[in-house]
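Please read them with the structure open.

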Amino acid sequence: MAADGTQELDIARIRAETPGIGGPVHLLACGSALMPQPVVDAVIGHTRLEAEHGGYEAAAMQAEALEAVYASVARLVGAQPREIALLENATVAWCHAFYALPLRRGVRILTCEAEYAANYVALLQRAKREDLRIEVVPSDASGALDVAALEAMIDGDVGLIAITWVPTNGGLVNPAAAVGAVARRHGVPYLLDACQAAGQLPIDVGAIGCDFLSATGRKFLRGPRGTGFLYVAGRWLERLEPAMIDHFGAPWVARDRYALRPDARRFETWENAYALRAGLGAAVDYAEAIGIVRIAARIGQLAERCRALLAAVPGVTVRDLGPAPCGIVSFTVEGAEPAAVVARMAEAGFVIGASDPASTRLDSERRGLPVMLRIAPHVYNTEDEIAGAVAALARSI
Ligand SMILES: Cc1ncc(COP(=O)(O)O)c(C=O)c1O
């Protein structure tokens, strides 16, 4: 039994089920993690069916399994299947919710200092077009969104709270549920970017109190690239008109009329990558079979070990924020060119990444951050790999 009361993980089995183990040591789950074998099998299996029977026929043959992907994703986040739309990435999912939400001229959108670039440019676009005001909730001393400051900023003119739960760098876990409590108390719609949280942390949309939640498949969920999903709370389903529709989300029911689907699939279109969907479903089922709580604990332990080792390397500064940093370890190396560090690490057999300040411009400007290096372990990594990576880094700088 582990210290947190959970069952020990069978790391040897998890590694044996990960085809990428044995190649370069992959320490970048926040980019695109290593898929487990069942995900690869699901994608290839469906592709093979398409090759042998035709795409439409393969989808029909697998109709039940493909339908079950909605149930899997819904279980992952504590939602109902009818509240889930399967989409091609987190950005499309986020944008679908954001651009559908009616906001009257002049309203204020509250966001966080760590908001992700893709979301922020969309905020800017709607602000420009519709005369909206974007206001950034300040961070507290730990670097997390200051919930008291958020509460103080709420008035009748706030049309939306849109924040990132786990930013792309900085190790931060924003207080998503505390923000949700404020949003619920004041009846303000709440759009949560859970892109880096899905697969890394347990998610319960009811406990969080968000109205919309977006996530991607390829990061900590270990799904294939080109997958993502959107959760739309049931209370919104019949009220939101997607910014773009087709005859799947909105069947053409009369010459002059369409009828939006009653579920979140009104945000989907007719054509889809069913092989990738099958892979996403397999990824969610695989993560759930291991247990998200246990995955979270393991990622947290590896990341903490990494931070402790990095802190002892001369010239390295760990830049992570928040009271309990997550599995994304962010750091800078004095006098070293980040791209060159990433390249030297690759030569040494370790995959790490760099994150541009423009990905989280508000936070980067506030802290005066350059390009940051990122190490993001997953459940399949080991303490030895972390130690090996940090030793290689120390040698290379
Ligand atoms: C916090 C955050 N939100 C959103 C995204 C966008 O996800 P996607 O590339 O799947 O659209 C990313 C990608 O890195 C991210 O880190």
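1. Basis. This is a predicted model: local features need pLDDT of at least 70, side-chain atom pairs count only at pLDDT 80 or more, and totals for chains, interfaces and linings use all residues. Residues are numbered from 1 along each chain as its sequence is written, and side-chain values use heavy atoms, with hydrogens and water left out.

2. Main core. The largest nonpolar core has 96 residues. Such a core is a set of buried Ala, Val, Leu, Ile, Met, Phe, Trp, Tyr and Cys residues joined through side-chain atoms within 4.5 Å. Buried means under 20% relative accessible area, exposed over 50%, and partly exposed in between (1.4 Å probe, protein chains only). I84, I161, W165, Y190, L213 and F229 have the most contacts inside this core. Helix α5 (residues 63-77) gives the most to it, with 6 residues. Helices (H or I, at least four residues) and strands (E, at least two) are DSSP runs, numbered from the N terminus.

3. Another core, of 22 residues, lies apart from it; L302, V329, V390 and A392 are among its members.

4. L213. Which residues does L213 contact, leaving aside its neighbours within four places in sequence? They are V77, L192, A194, I203, V205, F229, L230 and Y231. Contact means heavy atoms within 4.5 Å.

5. Sheet. Four strands form an open sheet in the order β11-β12-β15-β14, with antiparallel pairing. Two strands pair if DSSP finds at least two bridges between them. β11 (316-318) and β14 (353-355) are the edge strands, each pairing on one side only. β14 pairs with β15 (residues 372-375) over 3 bridges. S355 has M372 in β15 as its bridge partner.

6. Aromatic cluster. W94, F98 and Y99 form one aromatic cluster. Rings of Phe, Tyr and Trp (its six-membered ring) pair if their centres lie within 6.5 Å; planes under 30 degrees apart count as stacked, over 60 as edge-to-face and the rest as tilted. The W94 and F98 rings have centres 4.9 Å apart and planes at 35 degrees, so this pair is tilted. F98 and Y99 are edge-to-face, at 5.2 Å centre to centre and 70 degrees between the planes.

7. W94 is buried, at 0% relative accessibility. F98 is buried too, at 1%. Y99 is partly exposed, at 23%.
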